[in-house]
Every structure is written in C-alpha cells, then in structure tokens.
Amino acid sequence: MKLSTQTDYAVRAVYELALREPGTVVQTREIAAAQGLPEGYLAKVIQNLVRAGLLHSWRGTGGGVSLARPAADVSVRDVFEAVDGPLELHRCDGHTSPCDAGPCGTHVFWQRIEDVLSAELERMDFEALATCRHGADSGDPAVATTQAGR
C-alpha cells in the first residue's frame, strides 16, 4: 500500500498553508518551493482541493490560495478524500469485485484495518500537524491530535 503522489502533495500543500497565519493567501509557486514540489503538478492538485471546498483561490496579481476554513477544521482524511476519493482498502467496499456468497474470510480483517486508518486520518487535523512540527524535528515520536478527538 502506497500513498498516491497527488495525496502526498495535497497534504504537504495544506500543511504549508496551516503553518501560515489564518487567511494568508499564498501563491502555488511559493508552496511548491517551500515543500520542494513541482509547481505544475501541484497546481493540478490544488484545483482538486479548491473544488472540494478545502481551499479558496484568487486569480490575478496577488492571487493564490488560502485555507477555506480553520486548520483545526481540516483533517488529513478530508484532504485524502478530496484527491483520492473514499478510503477503501478492500474490494468488497468498492464493489469492484464483491465476495460471491457474502463477506470473504479476510473481510473482517481488512475492514478493521480500514477503520483504524480512517479514524487516524480523521483524528489528525492540520493545526495539530503544524503544531507537532517542532516535536518531530527534535525526534519526539509523539504526534499531537486535537482535543476534540477528531
């Protein structure tokens, strides 16, 4: 299992915006430079985030993007699903190849893994992610999560 490049870039872009003062409008090229991402590809990813209502976009001189809501109200799952769609680890959920006579023998296992991953992606918001930046830099393995329990 591997995170898509689009989701990786989307998370890094929203993270970069969460590091800034609320309401700050940032140009795509500035986000790309700060995160070491290709600007052209990032622009396409940002379009998905704007369509999903996670970012606001402004055109013209002084244009760019900003978070559409407070960083504490944007979960990593929101960003993941804006780019890759719903989290589905096993085929039964997507009905791409459902089990013939009901759930297969591995269904319960994959559902449990999907539930844990989904809960963790939902729990981590971008305010917490931006806040724990310094702890991660110092080697602290603890990851902050919101007090609201998201």
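Colleague: What should I know before I start?

Modeller: Residues are numbered from 1 along each chain as its sequence is written, and side-chain values use heavy atoms, leaving out hydrogens and water. As the model is predicted, local features need pLDDT of at least 70 and side-chain atom pairs count only at pLDDT 80 or more, while totals for chains, interfaces and linings use all residues.

Colleague: How do the axes of α1 and α3 cross?

Modeller: Two packed helices are described by the angle between their axes and the distance between the axes. Here α1 (residues 5–18) and α3 (residues 39–51) have axes that come within 9 Å and cross at roughly 75°. That makes α1 roughly perpendicular to α3 (65 to 115 degrees). Axes are lines fitted to C-alpha atoms, for helices over the stretch in contact, with angles from 0 to 180 degrees between N-to-C directions. Helices are DSSP runs (H or I, at least four residues), as are strands (E, at least two), numbered from the N terminus.

Colleague: Which residues of α3 are buried?

Modeller: Buried means under 20% relative accessible area and exposed over 50%, with a 1.4 Å probe and protein chains only. In α3, L42, V45, I46, N48 and L49 are buried. They fall within an arc of 150° seen down the axis, so they line one face of the helix; the arc is taken from directions from the helix axis to the C-beta atoms. G40, K44 and R51 are exposed on the other side of α3.

Colleague: What follows α3?

Modeller: G53 does, and its phi is positive, near 80°.

Technical notes: Parallel < 35°, antiparallel > 145°, perpendicular 65-115°, else oblique.
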